[in-house]
Amino acid sequence: MDNLREKLKNCTKCPLHCTRTNVVISDGSVSADIMLIGEAPGADEDKTGIPFVGRAGKLLNEFLIKAGLDRKKDLYIANTVKCRPPENRKPTKEEKIACEDNLKKQIDMVKPKVIILCGATAMESFIKDKKLTISKARGQVFDLNGIKLVPIFHPSYLLRQHSMQKGSPRDLMLEDLKMVKALVNSCKETT
């Protein structure tokens with residue numbers, strides 16, 4: 001991990017390095033059974049060098065706690081790209097490709113049982129079905145060489161959705177995170 005961190009500090013593979021303050025590599029535990037992959041760092045993440053620390057990150061933390069997951073112990077958190085796109089725009093295909101090897105190295109180091117794909121951009125990096133939307137994919141489990149993939153809504157989407165009624169986006173997010181916890185527990189029972 002230290003080698004990767006050192007390499008990424010000096011990365012110039014795409015134009016995002018020109019505008020970054022910090023490379024945002026990861027948070028959480030390298031020995032976690034769950035890896036959460038988001039889209040890209042935002043302004044708060046660029047300032048701190050830590051993923052999911054802004055408003056969306058705080059909301060994610062609330063949902064993790066409600067689902068019985070500890071962000072620091074149960075998860076390893078990363079993004080599809082390690083540098084903030086200007087004005088928080090979605091990373092381009094070329095930017096994601098430039099960072100693809102780094103993300104693969106992180107997955108190989110962590111060896112998660114489950115990967116949470118946080119939002120459509122992260123989902124599109126792993127699930128290549130162009131017709132599949134995050135609304136249709138969430139709640140399903142996909143496979144990546146034996147690793148379970150679980151798409152969820154991005155917490156920034158939930159900042160605009162306040163209802164916790166049954167079937168609301170927030171309710172579905174909590175269901176999905178509880179499902180992730182159950183998946184990890186079932187993986188532990190079978191090993």
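The largest pocket of this predicted model has a volume of about 650 Å³. A pocket here is an open set of points on a 1 Å grid over the protein atoms alone, where a 1.4 Å probe fits, with protein on both sides within 12 Å along at least five of seven lines; lining residues have an atom within 4 Å of a point. A volume is the space filled by probe spheres set on the points, which are joined across faces, edges and corners.

Lining the largest pocket are 25 residues, with E100, E124, S125, F126 and K128 nearest its centre. Helix α5 (93-110) and helix α6 (120-126) each supply at least two of the lining residues, and α5 gives the most, nine. Helices are DSSP runs of H or I with at least four residues, and strands are E runs of at least two, numbered from the N terminus.

The second largest pocket has a volume of about 520 Å³. It is lined by 26 residues, of which A40, G42, A56, H154 and S156 are closest to its centre. Two or more lining residues come from each of α2 (43-48), α3 (55-66), α6 and α8 (155-158).

Residues are numbered from 1 along each chain as its sequence is written. Local features need pLDDT of at least 70, side-chain atom pairs count only at pLDDT 80 or more, totals for chains, interfaces and linings use all residues, and side-chain values use heavy atoms, without hydrogens and water.
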